[in-house]
Amino acid sequence: MPYTSYLRAMLAIIYREMVKFWHQRGRLLSALVRPALWLVVFAAGFQNIFGVSIIPPYETYIEYQEYVVPGLLGMVLLFNGMQSSLSLVYDREMGLMRLLLTAPQPRWFLLFSKLMAGTVLSVLQAYAFLVLCAVFQVGIPWDGWLYALPAMFIGGMMLGSLGLLLSVYVKQLENFAGTMNFVIFPMFFISTALYPLWKLKESGAEVVYYMASVNPFTHVVELIRFALYGKFNGLSLAVVVIATVIFFLLAVRGYNPQRGMAKMSRKPS
Amino acid sequence: MNNQTTTPTASPVALSVKNVHKSYGKTKALDDVSFDLQQGFYALLGPNGAGKSTLFQLLTGLFVPDTGSIEVSGIDISKRLTNALANIGIVFQQPALDLDLTVQANLTFHGRLRGMSTHEIKERSHDELSRLKIDDIANKTCRTLSGGNRRKVELVRALLGRPKVLLMDEATVGLDPASRDLLMNYVHELCVERKMSVLWATHLIDEAEQAEQVLVLNKGKLLEQGNAEQLCIKTQTDNLLDAFLQLSGETVKPTETRQI
């Protein structure tokens with residue numbers, strides 16, 4: 001019986017996020033325009049400047065446009081993870097978060113359900129972007145679409161957990177833009193989304209190289225990159241899973257009134 | 001103060017608050033607050049900043065007390081929060097409806113969060129909406145509703161889980177007098193009919209006067225508990241407002257709206 005109760009609660013939260021997303025269809029458009037611009041304008045422009053040699057998982061020379069697709073899928077997941085976080089802050093300001101947290105379900109489970117809802121939306125948007133890639137005739141193997149599903153899901157969960165964690169510390173919507181700048185841009189640019197690690201090392205940017213190596217977003221991108229070509233990257237999976245667990249546990253701790261939230265909360269009006 | 005004053009009916013304790021302290025930094029929001037609620041309509045009377053909202057945050061597990069304990073139907077909220085929350089219905093001071101969803105969708109979402117089946121949710125929400133004579137708005141988007149109807153929907157939502165304890169945190173703020181009376185009378189009716197314990201936080205004297213018991217809270221301290229008449233006798237005053245002023249030592253002049 002409790003399992004049915006859990007399932008009903010989780011499905012309700014996922015359904016609500018879907019309905020909200022449906023009401024804000026512009027979100028899908030902006031989620032697609034951003035990576036599409038990178039794919040069509042940036043990648044096409046730099047096609048002949050960035051030569052990408054044959055590195056795993058690729059078995060042959062690939063065009064830069066193809067190289068950049070996993071990074072842009074990661075970008076879709078990253079932005080939606082942060083968007084989910086923004087929606088949590090909005091819910092808190094509107095009082096809806098309070099309603100959620102006073103539901104008779106374990107708090108960690110309610111937060112996990114929120115995370116699942118955000119992840120489902122992230123993955124759906126990532127697939128919409130893959131459709132766009134197909135329209136622009138960027139050569140991604142068709143079977144890769146299927147292999148990439150678990151990789152994008154776990155990647156979406158990691159970035160969603162990070163968003164959840166950020167929502168603990170960001171108390172007002174106005175502070176959110178700044179926080180996003182400090183998280184999204186460094187995470188995206190100091191990663192393998194736009195250029196492979198060896199390029200960074202070769203160009204002498206040793207510090208950036210090491211930072212990119214440990215950046216969990218790099219591992220989300222690499223996990224997706226390998227999966228798209230039917231290959232498995234164990235190291236990236238381990239990093240992504242560990243980062244997901246850490247971010248999520250810290251977020252749950254932050255929402256626990258006994259440990260984190262009470263200390264950080266302002267006096268209620 | 002004596003917390004053992006006469007309670008509305010001799011029934012089991014639905015909500016028990018014992019020696020609760022809560023501070024925000026150096027500010028004491030609640031200072032050694034203790035009371036027991038049985039079945040009946042209780043008003044929590046206090047001016048803005050008295051600690052009413054803090055108390056409600058503690059009762060719903062959003063915050064934890066620095067010291068002291070809270071039990072809902074005998075369940076310690078610090079140990080079994082989920083079970084305790086299953087017995088509570090709450091209407092927060094700040095309206096919390098998803099404005100882009102319909103009334104029914106809001107109720108369904110809340111019911112499902114409580115683990116209720118679709119059938120149960122539909123049946124109960126239809127019953128509650130009909131009783132409040134607002135069943136015609138079930139498919140309307142909440143954004144299109146008047147303030148009064150939004151509050152009624154929030155009350156229906158709080159009642160969906162058939163709570164033993166109903167917490168109303170200044171639920172009539174912003175409502176016109178007619179809507180206020182309607183909401184209050186309805187909760188009074190439910191209180192008797194469903195044998196609920198209602199804690200109605202307010203800073204309006206007229207609302208507190210209608211309660212079977214009044215808990216007077218000021219500056220985080222529970223000053224007194226009793227019905228309006230008992231409080232007047234204790235303070236040797238003629239009305240509840242004067243009784244409050246006497247108890248709290250405040251010098252606020254009575255206003256036409258009879259707010260504290």
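Q: What makes a run of residues a helix or a strand in this model?
A: A helix is a DSSP run of H or I with at least four residues, and a strand is a run of E with at least two. The model is predicted. In residues 15-244 of chain B, 37% is helix and 27% is strand. The end C-alpha atoms of that span lie 24 Å apart.

Q: What is the "ABC transporter" label on chain B, and which residues does it cover?
A: It is a domain annotation from an unreviewed UniProt entry, covering residues 15-244 of chain B.

Q: Why is the largest nonpolar core said to lie between domain 1 and domain 2 of chain B?
A: The core has 151 residues. Those with the most contacts inside it are Ile224(A), Tyr42(B), Val198(B), Trp200(B) and Leu215(B). Helix α3 (residues 64-94) of chain A gives the largest share, 13 residues. Domain 1 (10-87 + 164-260) and domain 2 (95-162) of chain B both contribute residues, so the core lies between them.

Q: How many residues does each chain bring to the contact between chain A and chain B?
A: Chain A gives 27 residues and chain B gives 27. On the side of chain A, α1 (2-23) and α4 (96-101) each supply at least two. The largest share, nine residues, comes from α1(A). That side divides into 13 nonpolar, nine polar and five charged residues.

Definitions and conventions
Residues numbered from 1 in each chain as written. Chains lettered and ligands numbered in written order. Predicted model: local features only at pLDDT ≥ 70, side-chain atom pairs only at ≥ 80, totals over all residues. Contact = placed C-beta atoms within 7 Å. Nonpolar A, V, L, I, M, F, W, Y, C, P; charged D, E, K, R; others polar. UniProt positions renumbered as here; feature names shortened; annotations may be inferred. Core = buried A, V, L, I, M, F, W, Y, C linked by C-beta atoms within 7 Å. Buried ≥ 20, exposed ≤ 12 C-beta atoms within 10 Å, placed from the backbone. Domains from an automatic or database assignment.
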